[in-house]
Structure formats: structure tokens, C-alpha cells
Amino acid sequence: MLDIQLLRKDAALVAERLAARGFVFNTAYFEELEGARKVFQTRTQDAQSRRNTLSKQIGMLKGKGEDTTAVMAEVAGLGDELKDLETRLAELQTELNKFLMDIPNLPHESVADGKDETANVEVSRWSTPRAFDFPVRDHVDLGEGLGQLDFAAAVKITGSRFSVMKGPLARLHRALAQFMLDVHTAEHGYTEVYVPYLVNADSMRGTGQLPKFEEDLFHVPRHAGEECTDADTLYLIPTAEVPVTNLLRDEIVAADALPLKFVAHTPCFRSEAGSYGRDTRGMIRQHQFDKVELVQMVRPEDSYAALESLTAHAETILQKLGLPYRKMALCSGDMGFSSAKTYDLEVWLPAQNTYREISSCSNFEAFQARRMQARFKAGQSKPELLHTLNGSGLAVGRTLVAILENYQNADGSVTVPEELRPWMGGAEKLTKLTPV
RNA sequence: GGAGAGGUGGCAGAGUGGUCGAAUGUACCUGACUCGAAAUCAGGCGUAGGUGCAAGCCUACCGUGGGUUCGAAUCCCACCCUCUCCGCCA
């Protein structure tokens, strides 16, 4: 959510900056709503004030045993008027809030203007893709060839966009998550957290998934067969960002506790509505995938330095695994709803002959913190909104894909990256599993 | 799932219809005393919003949402959550 003070002060500027990300901010409508809100709030509070004064008089008179009929008569007419005013004011505030909740964050001044991903800016590249002297296979052929990846089984059990892994490949998947967690906790100073995979609507609103992106989420009604309201619907998390960032919702932390740095490994669930036909083959786009997520809560003046270091933490994983990648600064039109600035890390996938997103690192500034009232306080000063950031460190499924494809051998086996071997019981290679 | 208890300020804990935004204790901040500290004493100390140049004034908030009333932390209804015991269970 944007700062309403900023909207009041300079709606034109906000509209201009939002236009850079393709969002049309209806200035006239906002000003109309806000004008009405002001009038009704003043009137309502005025009426409340009158009622309170008179009611207190009644109390005092009764206390002294005096007659109250005159005052009672005076206050009698106020009730209906007040009720109408309060109702109208509540409606206006609901409407205003709805309006505000649908406005995306303002892009940071360093973000390039652009309509879509074609305007993203390459910041850096690490390593060079390996040259193969045999035809490269994609991860599906490799995994199935090894007898360790089974999409048919997943379709039978659940449906499309799920996967089943077996044996060493399943272990590789687990090893990757463990490896990432260990690096981030031991080398980058993150605190590991375990969090719920189902969250309530307030949490989804806090990080910005709701109200706008409801169809991207999996809903879990608490009670079968009944119409579920907001209060008794839970949602499967699309990323650990949601439960982890919401740890700070409605909290005021001491300034000297900052920065807070959390890392969590969770499954992520996305309905992928609207992406039918995209990446239908393989593990690139799944309804369920694992991710190790980095989250930071920092003082406002530190958030851009934090974005750089958080992104570097994610890059460390790719480097340790020897996976070539490039770092992209997203343009205004390609950033997520809540982000002020985002770097994507894209890993090289030989079978696609291209770089594909494997991590997205964003600074949300106070956008999420304002929605969830996550604040910090230095000494006796006023509580202040903190800045939140997060990034994938990394998406486990896509990392697995990248390893399969980049480390494949001519015979269909896959070499285990050296850094990962301690988490693989020392195994150096994935080789064909005899079918069961 | 059954039975019971309870949700009040950072924490603890009073308050069962009327100057209650809320006693008291504690924590914290400022000052006095002290060489300094402790102890003691005095004062301060919630959040959000509106309005005003400002001092200030006003409004809302006692789990959430409704209701009763001139007036609700207090009464009524519904819901949520926590705790204890029993049952079941990874």
C-alpha cells in the first residue's frame, strides 16, 4: 500500500510514476473519494463529540440526583443522524481502502522504464556456458532416462504440473535445499525458520497477494460443503515470503534488533492461472515446487544496500554450484505488484539455449510494511515502518533442472557438483536406476 | 470431538452501565539526591486518524463483528483465539 499522505500531497506525481509500470491511477476518482471522506469524517466526529458531551452531562446530573429530561431531549435527535453519518463514512473508508489496496508500488528511481521483459537491463554475467560435444538433452529426458523422474505417476496421483522424483534424484532435490539453508545460515547470517504452509487472508493481504491475485492461489476451505467466508478460508502459500514476512505483522521491534534476516525452506503452491501452454513440459512451471527463501527486515535507509547483499547471497549459491547465470534489473513494467526494485537471477539452461529465472530479489520498501503495520522503534521516538525485502535463494526445482542440464554427460548420467557432494553422501554421479 | 476457564496498555493486573483511554505494580525515559551506582523521591511514558501556523482540541480503539442504551471495557448475540482436563492421533 502506498502512503496516503503522498497521494494527498502529490497525486499527479504518483500517477506519473505508476504510469511507468502500466498502471492507470485515476486521480479524479481518488480526489473525489478523498474529498467526500474528509467531509464525512469531520461531520461524523463532530456529531460524536456532541453526543459524548451531552451523555456525560446526563451522567453528572444523575450522579447529583438532578433532572435530566432537558438534556435527554436534546440528545434524542442525534442518534439517527449519527448512525447515517457513521454508515456513510464507513462505506467511504472501505471504498478508499479497496482503491488503495489495488495500487502497485512505485518503482524506485533507478528502475528503467519499460513495458515488459524485453526492456529489462542485464547487470552482469557470471561464468560461461559449457560447450557440449554431444547433443544436449533436457532435464525431462535426463531424469526419465535415469529412471528417477516420473511425470506420468504425478498425473495419476494428482494431475498435470506436478512431479514425482525417486532415488538419487529425490535426494539431490533434498540435498540442494539443505545445502542452501546451510550456506545462508552459516555464511550469510540468516536465521532459519520453519513456518506454516497454510495462511489466512490477512497474511496474504499483508504481502500483497490479496486482494488482487486471488486466482493465482490455492484455496483451502476449512469446512467442507459450506460457503466459505474470508475468515474460514486458508490459502496454500505461493512462497515462504508470505508466512515469513508476516512474522512482523502488527509488531513493533526495537531498532537495534534490525536487520532481521530469515531463511526458510518451504514448498510453494501456485495455481498458474493464465499460464496455460507456457512451460508445460518438465519441472520449470509446477503447481508445487520447493524454494529456499531469504527475507530481510531493515531500517529504511539500509534497504537498497540490503537488496544488493541479499541478491549477492543468492548468487553465491549459483557460484558454488558452478551454474552460469546473469543478473537482470527488471524494468518498471515487468516488476511484481509490491516491488520497488527487483533483480532477477537467470540460470543458463543448455537445452533451452537460454537463461531462465531462478531467483527474484526485491526491495518492497515500506509497501508491505504499511499493509501489515510492521514497524520498529528507536528509543522513545515514534514507531516507523520498516522496509522488507526478499529473494529466492534459490528455487530448488529449477536449480535441480539446471544441474541436470549443465552437468549432463554423453552417457545420460549427471555429475554431482563438487560443493554439493557432502550433502549427497559423497556421491559423484547420478546413474541409471534399474526400474522397479 | 467432550468439559471447563479466559482474552484489558511492553509485561503483570484492577475495573460488571456514567467525568474510564482505563487504578495499581513493573519495565522504560527525564530530573533530584550521590564522586558514581543502587535505593529513594518527583515528573513523564499506548496506537491510529481528523483539525490547526502552533500550543492544543477532537474522534476511534479494552480479541473480532453485530445489537441494546442518551451513554458500553462493563449487558445481549455470533464468531475467532488461548489455556487446563478428558478422548483421539503423526
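1. Ala, Val, Leu, Ile, Met, Phe, Trp, Tyr, Cys and Pro count here as nonpolar, Asp, Glu, Lys and Arg as charged, and the others, Gly among them, as polar. On that scheme, the surface near RNA strand B divides into five nonpolar, eight polar and 10 charged residues. "Near" means that a heavy atom of the residue lies within 4 Å of the strand.

2. A word on the basis. This is a predicted model, in which local features need pLDDT of at least 70 and side-chain atom pairs count only at pLDDT 80 or more, while totals for chains, interfaces and linings use all residues. Residues are numbered from 1 along each chain as its sequence is written, chains are lettered from A and ligands numbered from 1 in the order in which they are written, and side-chain values use heavy atoms, with hydrogens and water left out.

3. Start with the RNA. Of the 23 residues around RNA strand B, Arg8, Lys38, Gln41, Gln48 and Ser55 come nearest. Sugar and phosphate make up 69% of the RNA strand B atoms that come within 4 Å of the protein. Helix H3 (27-63) and helix H4 (69-76) each supply at least two residues of this surface. H3 gives the most, with 14 residues. Helices (H or I, at least four residues) and strands (E, at least two) are DSSP runs, numbered from the N terminus.

4. Which parts of the RNA do Arg8, Gln48 and Ser55 reach? A polar side-chain atom of Arg8 lies 2.5 Å from a phosphate oxygen. An N or O atom in the side chain of Gln48 is 2.8 Å from a sugar or linking oxygen. For Ser55, a polar backbone atom is 2.8 Å from a base nitrogen.

5. Next, the interior. A nonpolar core is a set of buried Ala, Val, Leu, Ile, Met, Phe, Trp, Tyr and Cys residues joined through side-chain atoms within 4.5 Å. Buried means under 20% relative accessible area, exposed over 50%, partly exposed in between (1.4 Å probe, protein chains only). The largest core has 51 residues, and Leu172, Leu176, Ile403 and Leu430 have the most contacts inside it. Helix H8 (residues 167-188) brings the largest share, nine residues. A second, separate core of 26 residues includes Leu2, Ala15, Phe30 and Leu85.

6. Leu172 is in contact (heavy atoms within 4.5 Å) with Leu400, Ile403, Leu420, Met424 and Leu430, leaving aside neighbours within four places in sequence. Two of these names, Leu400 and Ile403, are among the buried residues of H13. In H13, 11 of its 11 residues are buried.

7. Gln408 sits in the loop between helix H13 (396-406) and strand E17 (414-415). Is Gln408 buried or exposed? Gln408 is buried, at a relative accessible area of 0%. Its side chain reaches the backbone oxygen of Glu405 at 2.9 Å. Beyond four places in sequence, Gln408 touches residues including Arg130, Phe132 and Ile403.

8. Ser362 belongs to strand E13 (residues 354-363). Ser362 is also buried, with a relative accessible area of 7%. Its side chain makes a polar contact with the side chain of Thr342 (2.8 Å). A polar contact is a pair of N or O atoms within 3.5 Å; within protein, one must be able to donate a hydrogen and the other to accept it, and residues adjacent in sequence count only if both atoms are side-chain atoms.
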